[in-house]
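Hello,

My notes on what turned up follow below.

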Amino acid sequence: MNVRNIQRSLKKLGFEPGPIDGIWGRRTANAVEAFQEEHGLPLTGLVDPRTERHLISLAGKESNDSSLVWFEEAERLRNTKEFAGNPDNPVIMDWADDLDIHYPGDDVAWCGLFVGHCVAATLPKEPLPNNPLGARQWLKFGKKVEPEPGAILVFWRGSRNGWKGHVGFYEAEDSKAFHVLGGNQSDKVCTARVAKSRLLGARWPTSALVLNGGPVAGTGDGELSTDEA
């Protein structure tokens with residue numbers, strides 16, 4: 001089990017590991033220890049083989065699936081930032097080169113480029129939308145699903161009936177917002193709370209099995225993102 005799967009399993013079983021972010025921290029360790037105490041396991045705060053078996057048996061396979069390779073790539077790139085002024089961040093520019101997309105520089109909105117890289121780098125046979133840089137173009141990608149971990153969420157920006165948008169990956173949600181792991185959020189790859197009222201649709205790669213994992217509860221702390229450009 002990787003850290004994200006551990007956190008997802010703990011959350012499903014009613015233990016609070018903090019954000020489902022794939023980062024091992026004190027809250028995750030405390031949640032593991034609380035799980036161990038409730039089930040009569042040694043209180044180590046670590047996921048040893050015995051604890052892992054209990055988590056998998058109680059939380060179920062869908063919480064421990066490691067097939068979200070595009071989502072894992074997004075997590076790997078967390079904190080990638082655009083550069084102020086010149087030069088451009090070569091990491092971001094390489095994404096465009098790999099996709100054979102003309103991209104003038106990282107001062108141009110790159111949320112769609114980030115999603116395109118994560119999908120293309122891990123699912124090379126998966127067709128991308130014709131213009132991956134256009135956030136709303138991702139409404140034509142893959143197949144329609146309900147929001148769940150790993151799903152690609154497309155939002156309107158500025159006006160629902162306009163052309164501007166934002167795209168990123170579902171990480172969790174609270175009563176008002178989706179927690180979106182995306183690029184070009186505060187000029188970097190990070191998690192932002194985006195109002196549920198802005199959602200246009202959720203999509204899933206056609207070549208990947210839909211897990212039907214359902215929502216993941218997140219905290220309602222923090223301000224709502226209002227402009228991701």
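**Salt bridges and charges**

Glu171 and Arg78 form a salt bridge, with the closest N and O atoms 2.9 Å apart. This pair links distant parts of the chain, 93 residues apart. Glu171 sits in strand E3 (residues 165-173). Arg78 is in the loop between helix H4 (69-76) and H5. Both ends are covered: Glu171 is buried because its relative accessibility is 4%, and Arg78 is buried at a relative accessible area of 17%. Please keep in mind that this is a predicted model.

Strand E3 also holds Glu173. Glu173 pairs with Lys196 in a salt bridge, and the closest N and O atoms are 2.7 Å apart. Lys196 lies in the loop between strand E5 (188-195) and strand E6 (199-204), so the bridge ties together parts that are 23 residues apart in sequence. Are the two partners buried or exposed? Glu173 counts as buried, at 15% relative accessibility. Lys196 counts as partly exposed, at 27%.

Next comes Arg193, which forms a salt bridge with Asp174. Their closest N and O atoms are 2.9 Å apart. Arg193 is in strand E5, and Asp174 is in the loop between E3 and strand E4 (177-185). The two are 19 residues apart. Both Arg193 and Asp174 are buried.

There is also a network: Lys11, Glu16 and Arg27 are joined by salt bridges that share partners. The count of salt bridges comes to eight.

**Helix H5**

Which residues form the negative surface patch? They are Asp94, Asp97, Asp98 and Asp100. Asp97 belongs to helix H5 (residues 90-98). Why does Asp97 count as exposed? Its relative accessible area is 55%, and exposed means over 50%.

Met93 lies in helix H5 too. Met93 counts as buried because its relative accessibility is 18%, and the cut-off for buried is under 20%. Asp106 is 13 residues from Met93 in sequence. In space, their C-alpha atoms are 7.2 Å apart.

**Annotation**

One item comes from a record. UniProt, in an unreviewed entry, places the feature "domain: Peptidoglycan binding-like" at residues 2-54. In the model, that span is 55% helix and 0% strand. Its end C-alpha atoms lie 15 Å apart.

Best wishes

Methods
Residues numbered from 1 in each chain as written. Predicted model: local features only at pLDDT ≥ 70, side-chain atom pairs only at ≥ 80, totals over all residues. Heavy atoms only, no water. Patch = residues over 30% accessible without salt bridge, like charges linked within 9 Å, V, L, I, M, F, W, Y side chains within 5 Å. Areas by Shrake-Rupley, 256 points an atom, 1.4 Å probe, with all protein chains shown as cover. Salt bridge = Lys/Arg side-chain N within 4 Å of Asp/Glu carboxyl O. Lys, Arg positive; Asp, Glu negative; His and termini not counted. Charge placed at Lys NZ, Arg CZ, Asp CG, Glu CD. Helix = DSSP H or I, 4+ residues; strand = E, 2+ residues; numbered from the N terminus. Buried < 20%, exposed > 50% of the residue type's maximum accessible area, 1.4 Å probe, protein only. UniProt positions renumbered as here; feature names shortened; annotations may be inferred.
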